[in-house]
Amino acid sequence: MDMTKRPRRLRSIKTLRELVRETRISKASLIYPLFIKEGTGITEEITSMPGQYRYSVERLPTIVDRLLKAGVDKVMLFGIPEDKDALAGGAYAEDGIVQRALLKLKRDYPALYCITDVCLCEYTSHGHCGVLNGHAVDNDKTLPLLAKTALSHVQAGADMVAPSDMMDGRVGQIRRLLDQNGYSDIPIMSYAVKYCSSFYGPFREAAGSAPAFGDRRSYQMDYHNKKEALKEAFLDLEEGADLLMVKPALSYLDVIQTVSSSVNVPVAAYSVSGEYAMVKAAAAAGYIDEAAIICETAASVFRAGADILITYFALEIARYLDEGRIG
Ligand code: PBG
């Protein structure tokens, strides 16, 4: 056969396949989301997310020791408070759940890099991400509370803050307040491109943050849109975001690709609770090979252009990297 070009030539052996791999995955680019619940003695499995738990502060070592041993040294903290109110007081309380977790983590684990999710929905009695005015979420009234929340996280030791509320102008407000208080070195990772998604369902069970009425369509993005992703991304960059996030990940690979090729900052993708739940459910039913699917989906997010992956599968991915299943 007279055929000079044979793509299979580079696929013939593992060494060669690894040599010509176009997407490289590293443990350094993984972030693990961590749910911290008020109370003591709590290690509570999340029903819709088997293998994921809510921990009380003093129980955190059970998971943090495993993460660090596996080589995952970055976490994203979510708080689950005991009490909620209309103005989300627990979000910015000095002794709030995230603030107390930070004090412990930064004292006992200096090597752990702690990013905090900055949002009000886990702390409001109505479950919306901002302050209400009637049934509407009031953008401008919410901004100072978000900035206060971010500042209190940083004062408690957060290394980076990640606003996820989707209010207009919040990155700028947070940047200003942090700078005024001497924290100009703390980066902001903006959930810039966050769609209104049913893939957050299990998270809302985990964090008890489902809205009591209505939905989040008036502030999170419509999933039919992609140009709007660039509008959000560029606005947040103007306001001082250091990193941008696209969320969810798997149904939004095109958005990850467009955003990452249009901006000059690192782009993170958040593989959210519903993505995790679907993989676990299908694997439990015996319909898919869990490890293989975890590897393939993680690689697809990086291939689309993400620099960072926030994932509930961080421990598994770290293990598969060690085992050479992906890399
Ligand atoms: C808070 C927040 C949510 C998630 C991250 N931060 C929930 C929401 O917007 O309703 C979702 C994460 C996940 O589903 O894994 N606003």
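**Pocket, ligand and a helix**

Me: How do the residues lining the largest pocket divide into nonpolar, polar and charged?
Reply: The model is predicted. Tyr and Cys count as nonpolar here, and Gly as polar. On that basis the lining of the largest pocket divides into 5 nonpolar, 5 polar and 5 charged.

Me: Which lining residues lie nearest the centre of the largest pocket?
Reply: The pocket has a volume of about 300 Å³. Its lining has 15 residues. Those nearest the centre are Cys 196, Ser 197, Ser 198, Arg 217 and Tyr 223.

Me: Which residues are closest to the ligand?
Reply: In total, 19 residues surround the ligand. The closest are Lys 194, Arg 204, Lys 247, Ser 273 and Tyr 312.

Me: Why does the end-to-end distance of helix H5 agree with its length?
Reply: H5 covers residues 139–155, 17 residues in all. At 1.5 Å a residue, it should span 24 Å. The computed distance between its end C-alpha atoms agrees, at 25 Å.

Me: Which residue caps the N-terminal end of H5?
Reply: Look for a side-chain oxygen by the backbone nitrogen of Asp 140. One lies 3.3 Å away. It belongs to Asp 138.

Me: How many residues of H5 are buried?
Reply: Buried means under 20% relative accessible area. Among those that qualify are Leu 143, Leu 146 and Ala 150. H5 is mostly covered, and the count of buried residues is 12 of 17.

Definitions and conventions:
Residues numbered from 1 in each chain as written. Predicted model: local features only at pLDDT ≥ 70, side-chain atom pairs only at ≥ 80, totals over all residues. Heavy atoms only, no water. Helix = DSSP H or I, 4+ residues; strand = E, 2+ residues; numbered from the N terminus. Expected span 1.5 Å × (residues − 1). Buried < 20%, exposed > 50% of the residue type's maximum accessible area, 1.4 Å probe, protein only. Polar contact = N/O pair within 3.5 Å; in protein donor to acceptor, adjacent residues only side chain to side chain. 1 Å grid on protein atoms, 1.4 Å probe; cavity = no way out; pocket = protein on both sides within 12 Å on 5 of 7 lines; lining within 4 Å. Points joined across faces, edges and corners; volume = space filled by probe spheres on them. Near = heavy atom within 4 Å.
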